[in-house]
Amino acid sequence: MTTASTEIGQDTTKGLPAGPWWPAWWTTWKFLKDRKAIMPKLHERYGDTFSIKILPGPRTFVIFSDPADVKKIFAADPSQFHAGEGNTILEPVMGSHSLLITDDDEHKRSRKLLMPAFSGPTMKAYRPLVEAIAKAEVDSWEDGGTLVTLDRMNAITLDVILQVVFGVTDEKRLAVLRPKVTKMVNIGAGMLLAWSWPSLYRVPPWRGYFKNQQEVDEILYAEIRERREAHDLEGRADVLSRLLRAGSGGGSGPRAEEGTADPDVEPLSDEEMRDQLVTLLLAGHETTASALSWTLHELGRNPDLMKRAVEAADTGDDVFLDACLKEAMRVHPVIDFVARTLQSDQVVAGHALPRKVTVTPSIMLSHSREANFSDAHEYRPDRFLTQGEVAANTWIPFGGGVRRCIGAAFSLMEGAAVLGEVLRRYEVTADQPAPNRLRNITNVPSDKAPLRLRAR
Ligand code: HEM
């Protein structure tokens with residue numbers, strides 16, 4: 001692909017797709033606060049492809065939900081379709097080397113170094129510790145009690161990041177890290193403000209947040225340095241140890257087994273390692289907790305599905321639990337959309353789009369489009385068990401292409417392991433549907449999805 005205007009869609013060439021006439025500030029407000037309501041209306045009015053203007057700028061976002069278009073965007077040349085550019089607001093906390101923020105060669109190199117630790121076969125090695133963390137949490141629950149599901153799932157997924165990803169298992173260190181990391185991941189709209197105006201970091205409450213972040217960084221740097229020197233590095237299963245091995249040179253041992261022994265790839269420095277660890281924490285913690293909460297909530301509203309899920313947990317059958325998780329991520333997408341910003345004029349799905357336009361496959365609209373999913377609003381995990389029922393590029397909770405979520409297999413493994421531990425011990429019931437709330441960029445159950453627990 002060249003940097004000149006290049007067709008990645010149909011043959012015809014149209015201009016910018018139509019969209020609402022509203023002023024940018026209004027669209028931005030609606031998009032940030034009320035997109036669950038507004039996006040389906042725009043889809044109904046303008047069809048699968050439409051444009052909206054979003055501040056600052058304003059920038060033009062072109063929204064897509066036809067699977068043929070989504071496929072082309074995911075397969076497009078990443079050097080012309082930048083994904084990292086749209087995430088730079090997260091740079092002050094994730095760091096400039098973050099996989100989420102970088103593009104081009106830097107992204108390619110980091111992704112190559114991180115991928116093996118998130119490959120399918122590696123998941124088996126992480127699972128026992130995930131199960132032990134979930135079991136310890138479930139052990140603390142009481143029969144007949146009410147579970148504040150989102151909080152409890154957040155507690156599990158946080159410990160999974162600390163123990164399975166960072167490899168910190170010493171209870172004293174965990175006790176120091178947990179509250180600091182919890183403070184760090186609680187990023188409200190106010191904190192985003194300071195990322196745009198860093199001078200705010202000198203005054204409360206931003207000063208406290210920044211100090212806390214520095215303390216977490218110091219602990220992470222100490223952990224990285226210590227681990228580099230550790231005698232047992234070769235035998236350790238956690239993600240950080242694997243990343244350190246991935247850059248350790250040598251053509252034998254775990255590095256070669258994991259397929260990363262590429263002498264041309266420069267290993268990650270301490271600073272890069274810190275940025276990737278914080279990225280994994282922020283990208284992998286609340287997202288998975290939210291998906292798990294929605295899954296338990298849906299099962300809690302459907303006794304027949306609950307019965308089947310309990311049987312699946314008892315027999316260790318991950319297939320059904322996996323389908324329950326996938327269907328929850330479809331009906332309640334944790335992230336609503338992904339974005340690629342054009343680096344040159346491009347023709348996308350027959351529309352000639354100028355440089356700097358952001359093309360946006362809509363996860364929310366893809367998942368609720370009747371042409372993609374019959375009875376789209378119904379929670380029906382069986383659709384994932386019927387061969388051919390879920391077509392390619394319609395179920396896209398993890399995005400796609402070279403930027404597809406690196407933690408997709410990890411979160412599904414974690415989800416099945418946690419559901420198994422919960423359902424072997426308890427049946428849950430939800431009294432009413434949980435409303436949705438947008439927390440920064442993730443959708444969570446706004447009432448934290450309370451569930452009644454009944455010991456089995
Ligand atoms: C239900 C759980 C999760 C959901 C719904 C989710 C969703 C996503 C989405 C939509 C993207 C952007 C993809 C794109 O632009 O095409 C993404 C990227 C990413 N996710 Fe996840 N994620 C989840 C869990 C995780 C976990 C467990 C981790 C790691 C421990 C993780 C790490 C990342 C990273 C590092 C990226 C950036 C990838 C890149 O730009 O190359 N995510 N995720």
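In strand 12, which residue is the bridge partner of Leu147?

Modeller: Happy to! Leu147 has Leu451 as its bridge partner in strand 12. A word on the source: this is a predicted model, where local features need pLDDT of at least 70, side-chain atom pairs count only at pLDDT 80 or more, and totals for chains, interfaces and linings use all residues. Residues are numbered from 1 along each chain as its sequence is written, and side-chain values use heavy atoms, leaving out hydrogens and water.

Strand 4 and strand 12 (residues 450–455) run antiparallel and are joined by 3 bridges; pairing takes at least two DSSP bridges, and strands are DSSP E runs of at least two residues, numbered from the N terminus. The open, antiparallel sheet has 3 strands in the order 4-12-9. Strand 4 (146–148) and strand 9 (426–429) are the edges, each pairing on one side only. Neighbouring strands are turned by 40 degrees against each other on average, direction ignored, using axes fitted to C-alpha atoms.

Elsewhere, the largest nonpolar core has 98 residues, of which Phe166, Phe410 and Leu423 touch the most other members. Such a core joins buried Ala, Val, Leu, Ile, Met, Phe, Trp, Tyr and Cys residues through side-chain atoms within 4.5 Å; buried means under 20% relative accessible area, exposed over 50%, partly exposed in between (1.4 Å probe, protein chains only). Helix 18 (residues 408–425; helices are DSSP H or I runs of at least four residues) gives this core its largest share, 9 residues.

Methods: Axes fitted to C-alpha atoms, helices over the stretch in contact; angles between N-to-C directions.
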